[in-house]
Amino acid sequence: MFADILRVVRDFTENLIEKHKGMMMQLACSITDNYQDAEDAVQEALLILSGKQQILKDLDSDDAKNYIYTVTKNRSINLCKKAKKCVTLSEENAFTHIEGEPDARAFVNELGFSSDTALVLETLPPEDRDLICYYYGFGYSYEEISKLMGIPPVTLRKRMQRCRKRLAQILER
């Protein structure tokens, strides 16, 4: 039985590596600016992802690609923070590999959103949901989100204030 479980995890991880390791390495290298650190970040990401088979049932889906991208990005950033060296993603390559818009449901575990929170976020307009995901989920500053969304930071702060009020009203029901 234990051998069967190990075989399933190994097969899943091999499939993951075959399909996505190139994108993961490119992303990690762009963040760490060092091939060895990038390899370490990708290895850490693969360890995390190997335990997420239930979330990553279809490795070719947009949700899976977004999740893999996010885990790799976060591992790379964490590795840089530990080493006190990090390259900021430029706005041109920040979301090159993300398919579609941020999806709170795809990142329930990685972003720290509960399933209930993800459902509540689905009730918000897409631009408000994206703002919440970028700010709380991905950890981007208002200035970084401003570049991504093409909206002034001051407008984003006001929109965030309205989002928080709307979320509070929804949660009170």
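Which residues of the largest nonpolar core touch the most other members?

## The largest core

They are Leu 16, Met 24, Val 42, Leu 49, Leu 56, Leu 59 and Ile 68, out of 23 residues in this core. A nonpolar core is a set of buried Ala, Val, Leu, Ile, Met, Phe, Trp, Tyr and Cys residues joined through side-chain atoms within 4.5 Å. Buried means under 20% relative accessible area, exposed means over 50%, and partly exposed lies in between, with a 1.4 Å probe and protein chains only.

Helices α1 (2-32), α2 (35-50) and α3 (62-83) each supply at least two residues of the core. Helix α1 gives the most, with eight residues. Leu 16 touches Lys 21, Leu 46, Leu 49, Leu 59 and Ile 68, leaving aside residues up to four places away in sequence. A second, separate core has 16 residues, among them Leu 131, Tyr 140, Tyr 142 and Leu 156.

## The model and the whole chain

This is a predicted model, where local features need pLDDT of at least 70, side-chain atom pairs count only at pLDDT 80 or more, and totals for chains, interfaces and linings use all residues. Residues are numbered from 1 along each chain as its sequence is written, and side-chain values use heavy atoms, with hydrogens and water left out.

The chain has eight helices and zero strands. Helices (H or I, at least four residues) and strands (E, at least two) are DSSP runs, numbered from the N terminus. Of the 173 residues, 41% are buried. Contact means heavy atoms within 4.5 Å. Among contacts with a separation of 6 or more, 64% join residues 24 or more positions apart. The chain exposes about 9800 Å², and carbon and sulfur atoms supply 50% of that area. The area comes from the Shrake-Rupley method with a 1.4 Å probe.

## Helices packed against α8

Two packed helices are described by the angle between their axes and the distance between the axes. Axes are lines fitted to C-alpha atoms, for helices over the stretch in contact, and angles run from 0 to 180 degrees between N-to-C directions. Helix α7 (residues 142-149) packs on helix α8 (residues 153-172) at about 100 degrees, with axes 9 Å apart. So α7 is roughly perpendicular to α8. Angles of 65 to 115 degrees get that name, while those under 35 are roughly parallel, those over 145 roughly antiparallel and the rest oblique. This contact has six nonpolar, one polar and four charged residues. Here Ala, Val, Leu, Ile, Met, Phe, Trp, Tyr, Cys and Pro count as nonpolar, Asp, Glu, Lys and Arg as charged, and the others, Gly among them, as polar.

The axes of α6 and α8 come within 10 Å and cross at roughly 100 degrees. Helix α6 is therefore roughly perpendicular to α8. The contact of α6 with α8 has eight nonpolar, no polar and five charged residues. Buried residues in α6 (residues 126-137) include Asp 128, Arg 129, Leu 131 and Cys 133. After α6 comes Gly 139, with a positive phi near 80 degrees.

Asn 15 sits in helix α1. Is Asn 15 buried or partly exposed? Asn 15 counts as partly exposed because its relative accessibility is 30%. Asn 15 and Leu 59 are 44 residues apart in sequence and 8.4 Å apart in space, C-alpha to C-alpha.

Asp 33 lies in the loop between α1 and α2. Asp 33 has a positive phi of about 60 degrees, although it is not a glycine. With a relative accessible area of 62%, Asp 33 is exposed.
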